[in-house]
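Hello,

Here is the structure I promised to pass on to you. Have a look at it first, and my notes follow below.

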Amino acid sequence: MKWQSFDSYEALSAHAARLFIEAIRENPAIVLGLPTGRTPVGMYERVVNECTCRQIVTFNLDEYVGISCDHPGSYCTYMQQHLFSRIDIDPANVHIPDGTASDLEAECAHYERQITQSGGLDLTFLGLGQNGHIGFNEPGTPFESRTRVVELTKSTRLANAAHFADGHVPSHAITMGIGTILESKRIVLLASGESKRDAIARLRGRGITPEFPASALHGHGDVIVLVA
Ligand code: GLP
């Protein structure tokens, strides 16, 4: 695991955007795993207008259950706002789990199949939950887990309440599993701000336990952690 520290969120975002753009220039048909949350917003802002994204294929890490794509709090809306509506990506190459599917288990299996059929994730960007979650893999998640429906912890729902006008954060989500994420050839994790201090310190500590999901990344050979 390589660590890079930055003086500011802006500097972290600029570097993350550089990694994003360089990866697309090297492989215009790259398969990307993409995060949501506040942290990657600066990276997405800086990617816009920098390269053609015509052939890239994307898989988002997660989506809330029971929330449709046009709901303001959905990750689908987030991705449209921050990235997809601002780049020339082919909509057919965008994948976000469908939290409104009538058969959620089938949707999760389908998502895994789509990742495999696309050749697997080349590069996945991750955020970091205050409790160490990656995607929506909460503490206790087995490292071999695959895409599935999960129940969100109270702290995660609280942390994400701002995205729901009525404060009512869904109780469940679909998330790529830790096993799914670990199969990505390269991983870049972004963590910024006071609220992430403890989680960053714990990740630096190198203890590996399912009680701290991000620690699974110590078992991967190509991870860069960008911290500000
Ligand atoms: C949510 C997302 C995660 C993200 C985390 C951190 O829980 N499901 O993928 O990493 O939030 O978000 P933020 O960057 O807003 O702190």
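This is a predicted model: local features need pLDDT of at least 70, side-chain atom pairs count only at pLDDT 80 or more; totals for chains, interfaces and linings use all residues.

Residues are numbered from 1 along each chain as its sequence is written, and side-chain values use heavy atoms, with hydrogens and water left out.

Now the sheets. Strands here are DSSP runs (E, at least two residues), numbered from the N terminus, and two of them pair if DSSP finds at least two bridges between them. Val31 and Val57 belong to the pairing of strand 2 (residues 31-34) with strand 3 (residues 57-60), which is parallel and has 4 bridges. An open sheet of 7 strands, with parallel pairing, runs in the order 1-10-9-6-2-3-5. Its edges are strand 1 (2-5) and strand 5 (94-95); each has a single partner strand, so one side of each is left without a neighbour in the sheet.

There is also an open sheet of 3 strands, with antiparallel pairing and the order 4-8-7. Strand 4 (62-64) and strand 7 (148-151) are at its edges with a single partner strand each, so one side of each has no neighbour in the sheet. Strand 7 is joined to strand 8 (residues 172-175) by 4 bridges: Arg148 has Thr175 as its bridge partner, and Glu151 stands opposite His172. Strand 4 pairs with strand 8 over 3 bridges, again antiparallel, and here Asp62 stands opposite Thr175.

Polar contacts are pairs of N or O atoms within 3.5 Å. An N or O atom in the side chain of Lys196 is 2.5 Å from a ligand oxygen, and a polar backbone atom of Arg38 is 2.7 Å from an oxygen of the ligand. For Tyr75, a polar side-chain atom lies 3.4 Å from a ligand nitrogen. The protein covers 96% of the 390 Å² of accessible area that the ligand has on its own (Shrake-Rupley method, 1.4 Å probe).

Best wishes

Methods: A polar contact is a pair of N or O atoms within 3.5 Å; within protein, one must be able to donate a hydrogen and the other to accept it, and residues adjacent in sequence count only if both atoms are side-chain atoms.
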